[in-house]
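Here's a quick tour for someone meeting this structure for the first time. Have a look at the sequence and the fold, then read on.

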Amino acid sequence: MSASASWRAAANWTRSWTTASPPPIRRRSPGRAEAAAIPNPELVKEPVLASTDILFQPFHSKNLDLANRIVMAPMTRSFSPGGVPGANVADYYARRAEGQVGLIITEGTVVNRAGAANDPSVPHFHGEAALEGWARVVEAVHAKGGKIAPQLWHVGAAINPARRDETHAESPSGLFKDGRPWGHEMSVADIDATIAAFAQAAADAKRIGFDAIELHGAHGYLIDQFQWQGTNHRPDVWGTDRSRFAREVVAAVRAAIGPDTPLILRLSQWKQQDYETKLAATPQALADWLNPLAEAGVDIFHCSQRRFWEPEFEGSNLNFAGWAKKQTGKPTITVGSVGLSGEFIAGFGGEASEPTSIDGLVDRLAADEFDLVAVGRALIVDPDWAVKVREGRHDFAPFQREALGTLY
Ligand SMILES: Cc1cc2nc3c(=O)[nH]c(=O)nc-3n(C[C@H](O)[C@H](O)[C@H](O)COP(=O)(O)O)c2cc1C
């Protein structure tokens, strides 16, 4: 299966798991479409924890204070019929707040563009009913002492194969990837309206009490489609300067929320369309990419990797978040297979992951490589994951794809 096909299968996971009879679990190697993965160094250790105190040190930055360093990674769950998050969604996030997660980043929630969502049960971040639903989520999380940011999202030409209608699919060049047309190329008016939609969503997030805002600029979705040459062939300024769209979205959001609301930008080198591609091939190219985004208003970079232990560039052990912190001086969040043996795309394909040690992660945090640690699947299967780490417990749950079928 190609990388894109595997992602498209992955993108359809929730639909599969919300049907009455789930499909059979297929085992596949995540390595088929990419260079051999660096094995998880934590596997050789018992899932016993060294001192994890560092994870429970408070985080202070210019405009964000958190009780500890653990962040819930944004994870699409598609339990919001008609785009409206209900009481079940509020309870789900409140459970993680009660479980001592320092900052919850919600699942991707879409801005007000007809083509922004690729699934009808993905929550909207526009319209009275959806925003009321989100206000109740914020209230529930705050009642448990937690903090929460919405992840604002537009999928662009990233395809959910279950959604065959490409009428509203919009992207820089009407491409899922080179040679794979999908939907239409955005006009300059579309681009302006989309930037305004991100800004409006951010203003609404601030108004209804979110503690921070995250923009989804990763994984080959719309913002990333502008950044990547594989999906941006535009001859105009939006293509000759491929970072421009991301910078303009950041600047518009910053203008909408003012200086005091924390703004997180999630980025990845890898794309769902190509695991091996890199927007920045060198540390200097990374600095040239990220520093203008920081100047436009990003406070924290959320650096998505599928395996946090993989070095970003040859000659150094620093990972993506490590290099982003070094090159920008901004706080960064790392992510990718924390506390689990296998990575998440293979998890969508049915590969189970076992609990692992987090000693190597803790060592990196202690060395100040990054500031915060996002945890995905481990928090789906166990809302009390952080509590268990803190208490030095051993009863961690494995991750199995079946876990995506329920929202608990
Ligand atoms: C069910 C599921 C849904 C996801 N949805 C999103 C999403 O909406 N936005 C996003 O940026 N990443 C998404 N991701 C990626 C996660 O945020 C995270 O980067 C990834 O799962 C790696 O972390 P983990 O190994 O701890 O699970 C999703 C992952 C999973 C498992």
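A residue counts as near a molecule if its C-beta atom, placed from the backbone, lies within 6 Å of it. The ligand here is surrounded by 24 residues, and Ala73, Gly108, Phe344, Gly376 and Arg377 are the closest. Strand 4 and helix 13 (377–381) are the elements giving two or more residues to this shell. Helices (H or I, at least four residues) and strands (E, at least two) are DSSP runs, numbered from the N terminus.

Sorted by class, the shell has 11 nonpolar, 9 polar and 4 charged residues. Ala, Val, Leu, Ile, Met, Phe, Trp, Tyr, Cys and Pro count as nonpolar, Asp, Glu, Lys and Arg as charged, and the others, Gly among them, as polar.

## About the model

This is a predicted model, where local features need pLDDT of at least 70, side-chain atom pairs count only at pLDDT 80 or more, and totals for chains, interfaces and linings use all residues. Residues are numbered from 1 along each chain as its sequence is written.

## The barrel

Eight is the strand count to look for: a closed barrel of 8 strands runs 3-4-5-10-11-12-13-14, paired in parallel. Strands pair if DSSP finds at least two bridges between them. Strand 4 (residues 103–110) and strand 5 (residues 148–153) run parallel, joined by 5 bridges. Ile104 has Ile148 in strand 5 as its bridge partner.
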